[in-house]
Amino acid sequence: MLLNMRDLLKTADENHFAVPAFNVSDYSMFQGIMETCEKTDSPVIIEIHPLELDFTGTDLVEAILRRADKSPVPVCLHLDHCGDYKKIIYAIRAGFTSVMFDGSSLPFEENIEGARRIVELAHPAEVSVEAELGTIGSTDSQAEAGAEQIIYTDPRDAAEFVGRTGVDTLAVAIGTSHGLYPKGVTPRLRLDILEEIKKTVHVPLVLHGGSNNPDEEIGEAVKLGINKINISSDIKAAYYEKMREVLEDESLREPNIIQPPCIEAMQKVVEHKLRLFQTEGKAALYGRGNHS
């Protein structure tokens, strides 16, 4: 069942849970995520970054949309971090049900203007819009682009930004980074800032860079009002670490032998995130859960 982000996260906000947004760039990973979400009766956001979209093309998007539309659990297909208007239009035409305008590196007024422009484009097509205020860090060159220095979201700016743009969800900066943290580095989330933002902003809040953070802090962020958490590096690391292990047998060449254990390793991470975010079983709240 395909939904836009506004409708998906409205229910999450009202019922105090978060929906994971898993980044995918091939069909086998997507299929593994869907199998796990359907087994656990969990809503899910499938996310594709513009660089991943360049790699996959829209033929994969069409396959994802067909599979998602037939699913008994709610699914949103979301374009991740994008500041390119043409690519956002391309994604809307391709069938994405949600898009993100990322103007976080722009001056405040320019970020507002850019987000408002995308809202005007997307809402007539029933496509929801996410924007970001503040900056997310980056841990390595493989991770999505991030800032060298994290700029925390100002709660007063957040309220003004949402009011003037009409965005459906807001990604906030409270201390996370894209990618996997180096050994010995433990991030500390500014949950006090999150609490203040939640008091002033009345749309669902998003946490980017959700991989590799302490479970205790992420769990607390969900309790304090985060409704969407982006996960990319954690599932990909599990998938490809297992693949390296499998490929130690140099005689293997068939994908149907190589990939299943990799998908299974990734699915364990997916299940863990669903439990941590309190997403399991919540598809029933949307009126069409998997009760078979």
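Modeller: Before the helix pair, a definition: axes are lines fitted to C-alpha atoms, for helices over the stretch in contact, and angles run from 0 to 180 degrees between N-to-C directions. This is a predicted model, where local features need pLDDT of at least 70, side-chain atom pairs count only at pLDDT 80 or more, and totals for chains, interfaces and linings use all residues. Residues are numbered from 1 along each chain as its sequence is written, and side-chain values use heavy atoms, with hydrogens and water left out.

Biologist: At what angle do α10 and α11 pack?

Modeller: The angle is about 150 degrees, and the axes are 8 Å apart. Helices here are DSSP runs of H or I with at least four residues, strands are runs of E with at least two, and both are numbered from the N terminus.

Biologist: Parallel or antiparallel?

Modeller: α10 and α11 are roughly antiparallel. The classes are under 35 degrees for roughly parallel, over 145 for roughly antiparallel, 65 to 115 for roughly perpendicular, and oblique for the rest.

Biologist: Which residues of α10 make the contact?

Modeller: D234, I235, A238, Y239, K242, M243 and V246 do, against residues of α11 including I258, P261 and V269. Contact means heavy atoms within 4.5 Å.

Biologist: Switching to α2. How many residues does it have?

Modeller: α2 covers residues 27-39, so 13 residues, and spans 18 Å from its first C-alpha to its last. That is close to the expected 18 Å, which is 1.5 Å times one less than the number of residues.

Biologist: What do its buried residues pack against?

Modeller: The partners are β1 (19-23), β2 (44-48), α4 (58-70), β3 (75-82), α10 (233-246) and α11 (255-276). Among the buried residues of α2 are M29, F30, I33 and M34. Buried means under 20% relative accessible area, exposed over 50%, and partly exposed in between, with a 1.4 Å probe and protein chains only.

Biologist: And what follows α2?

Modeller: D41, with a positive phi near 60 degrees.

Biologist: Next, I226. Buried or exposed?

Modeller: I226 is buried, because its relative accessible area is 0%. This residue sits in strand β10. Leaving aside residues up to four places away in sequence, I226 touches F17, A18, V172, L194, L205, V206, L207 and A221. I226 and A18 are 208 residues apart in sequence, yet their C-alpha atoms are 6.2 Å apart.

Biologist: Which side chain does N230 make a polar contact with?

Modeller: That of K228, at 2.8 Å. A polar contact is a pair of N or O atoms within 3.5 Å; within protein, one must be able to donate a hydrogen and the other to accept it, and residues adjacent in sequence count only if both atoms are side-chain atoms. N230 is also in β10, and counts as buried because its relative accessibility is 5%.
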